[in-house]
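Take a look at the structure below.

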Amino acid sequence: NNCRCRAVVVSHDGGETWSDIAYDATLVDPVCEGAIAQIGHTYTLFSNPAMVSARANLTVRVSADGGQTWPSSVRLGDSAALGDYSSIVQGKLIRGGTVNPANLAVGVIWGSCTIPWPFRPWCMLGRAWNVYFTRFELPDV
């Protein structure tokens, strides 16, 4: 993979068969974990550290056509904020103990090891992690 981007395979039959591997140059990636989720019937979201050389620039890309194109994105981190792992979450926003069914909250739970390179193997000890939740508004696509 010369494009330093995500490999993509698609199934149209619930996972019985899969397409050949293709690479999506829009989904820049440093060879790291990412997340994908379908939000309602409209949005497909993909999160990862959108940088070719480091686990930084945590970004959520938004598609309204099932991941064929990614016209919008929300950047949650920058080149100084490492974003090693992320999970996209959704649910009803609760304020004051009351659920507002019209108010869908979308966000990313993400973690970052506080130890710099080349000492990152020490992150496996589990005490050097910060875990965050970032809520964001879905952009227009």
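What follows is a short tour of two topics. The model is predicted. One disulfide is counted here. The largest pocket holds about 400 Å³ of space.

**Disulfide**

- The disulfide links C3 and C5.
- Their sulfur atoms lie 1.6 Å apart, and a pair within 2.5 Å counts as a disulfide.
- The torsion about the S-S bond of C3 and C5 is about -45 degrees, so this disulfide is left-handed.

**Burial of the cysteines**

- C3 is partly exposed, at 33% relative accessible area.
- That value falls between the 20% and 50% cut-offs, which means partly exposed.
- C5 has a relative accessible area of 5%. Under 20% counts as buried, so C5 is buried.
- C32 is buried too, with a relative accessible area of 10%.

**Largest pocket**

- The largest pocket has a lining of 17 residues.
- V8, V9, L27, I36 and W70 are the lining residues nearest the centre of this pocket.
- Four strands each give at least two residues to the lining: β1 (5-8), β2 (22-28), β3 (35-39) and β4 (43-49).
- By class, the lining of the largest pocket has nine nonpolar residues, six polar ones and two charged ones.

Definitions and conventions: Residues numbered from 1 in each chain as written. Predicted model: local features only at pLDDT ≥ 70, side-chain atom pairs only at ≥ 80, totals over all residues. Heavy atoms only, no water. Buried < 20%, exposed > 50% of the residue type's maximum accessible area, 1.4 Å probe, protein only. 1 Å grid on protein atoms, 1.4 Å probe; cavity = no way out; pocket = protein on both sides within 12 Å on 5 of 7 lines; lining within 4 Å. Points joined across faces, edges and corners; volume = space filled by probe spheres on them. Nonpolar A, V, L, I, M, F, W, Y, C, P; charged D, E, K, R; others polar.
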